[in-house]
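Q: Please take the structural labels for this model one at a time and set each against its criterion.

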Amino acid sequence: MCATCGCGEARHDHEHQHTHDHDHAHEHHHDVHRVRVEREVLEKNQRVAERNRGYFAGRGVLALNLVSSPGSGKTTLLERTVRDAGIQAAVLEGDQATDLDAQRVRGAGARAVQVNTGTGCHLDAEMIARALPELRPERGSVLFIENVGNLVCPALFDLGEHAKVLVASVTEGDDKPLKYPHMFRGAALVLVNKIDLLPYVPFDVAHFDTKAREMNPGVEVIHLSALRGDGLAEWYAWLRRATSA
Ligand code: MG
């Protein structure tokens, strides 16, 4: 999982006794150890995610995990959604640093709590559990969890959400579904943002949609522009259907 970038190991430093002994047996031992630590991290995350799911079910809160690359327009989309979708919304903002995004969605009128992950490249279930008592999403509301912009690690960490919503944008290239299959397979809905820029970028919408559906048959895809407003009615209708389901 995140062994390469180290985010899964951040909380296990005490277990890592690095030595300069690089003989083969040692490396094998290290690999076995790493795999065990990764499994433990994911199992623990899964237990906390189930607890979060119980919290959401008990309060009738629809939790959506918004995943994307950095700069896909998640926060702009949330600002519009909070203002115009006609739903009760609370937002949990995940970023490595700053509370800039929480300030933005508060400005749009939603309750928001910022979670900073430091060196970590994803939110995990424990971070959500710790933030919920402060955020206290209202009964019947939608909780948007804006994950750290990263299409890799957040695919592995269940937060207890009802669904993952993947926000792609036309400035990123239409080959993303092929490059990040895990994330596309896990998404219930794919939003293709920034379609107002289509005249200026070499993005083939039909190719993107085809590849997204090859990765995840039956996935819903909505094309929109959070800036100009195209497609937002369709997104809001999806939200209202998900809320009443
Ligand atoms: Mg953001």
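A: Two strands count as paired if DSSP finds at least two bridges between them. Helices (H or I, at least four residues) and strands (E, at least two) are DSSP runs, numbered from the N terminus. The model is predicted, so local features need pLDDT of at least 70 and side-chain atom pairs pLDDT 80 or more, while totals for chains, interfaces and linings use all residues. Residues are numbered from 1 along each chain as its sequence is written, and side-chain values use heavy atoms, with hydrogens and water left out.

Q: How do you know that strand 2 and strand 4 pair?
A: Strand 2 (residues 89-95) and strand 4 (residues 142-146) share five bridges in the parallel sense. Because the criterion is at least two bridges, they count as paired. A89 stands opposite V142 in strand 4.

Q: What makes strand 3 a partner of strand 2?
A: Strand 3 (residues 111-116) and strand 2 are joined by six bridges, also in the parallel sense. L92 has V113 as its bridge partner in strand 3, and G94 has V115.

Q: Why is the crossover from strand 2 to strand 3 called right-handed?
A: The chain runs from strand 2 through helix 3 (residues 100-107) to strand 3, a right-handed β-α-β crossover. The term applies if, with the strands pointing away from the viewer, the path from the first strand over the helix to the second runs clockwise.

Q: Which strands are the edges of the sheet?
A: The open sheet has seven strands in the order 3-2-4-1-5-6-7, with parallel pairing. Strand 3 and strand 7 (220-223) are the edge strands, since each pairs on one side only. Neighbouring strands are turned by 20° against each other on average, direction ignored.

Q: Why is T98 called partly exposed?
A: Its relative accessibility is 41%, so T98 counts as partly exposed. T98 lies in the loop between strand 2 and helix 3, and its phi is near 75°, a positive value in a residue other than glycine.

Q: How do you know which residues are donors to the magnesium ion?
A: Donors are N, O and S atoms within 2.8 Å of the metal (3.2 Å for Na, K and Ca); water is not among the atoms, so sites may look incomplete. T75 (OG1), D101 (OD) and E146 (OE) coordinate the ion at 2.0 to 2.2 Å. T75 in helix 2 (residues 74-84) and E146 in strand 4 are 71 residues apart, and both are buried.

Q: Why is helix 2 called roughly perpendicular to helix 8?
A: Helix 2 and helix 8 (residues 232-244) pack at about 70°, with axes 11 Å apart. Axes are lines fitted to C-alpha atoms, for helices over the stretch in contact, and angles run from 0 to 180 degrees between N-to-C directions. Roughly perpendicular covers 65 to 115 degrees (under 35 is roughly parallel, over 145 roughly antiparallel, the rest oblique), so helix 2 is roughly perpendicular to helix 8.

Note on methods: Buried < 20%, exposed > 50% of the residue type's maximum accessible area, 1.4 Å probe, protein only.
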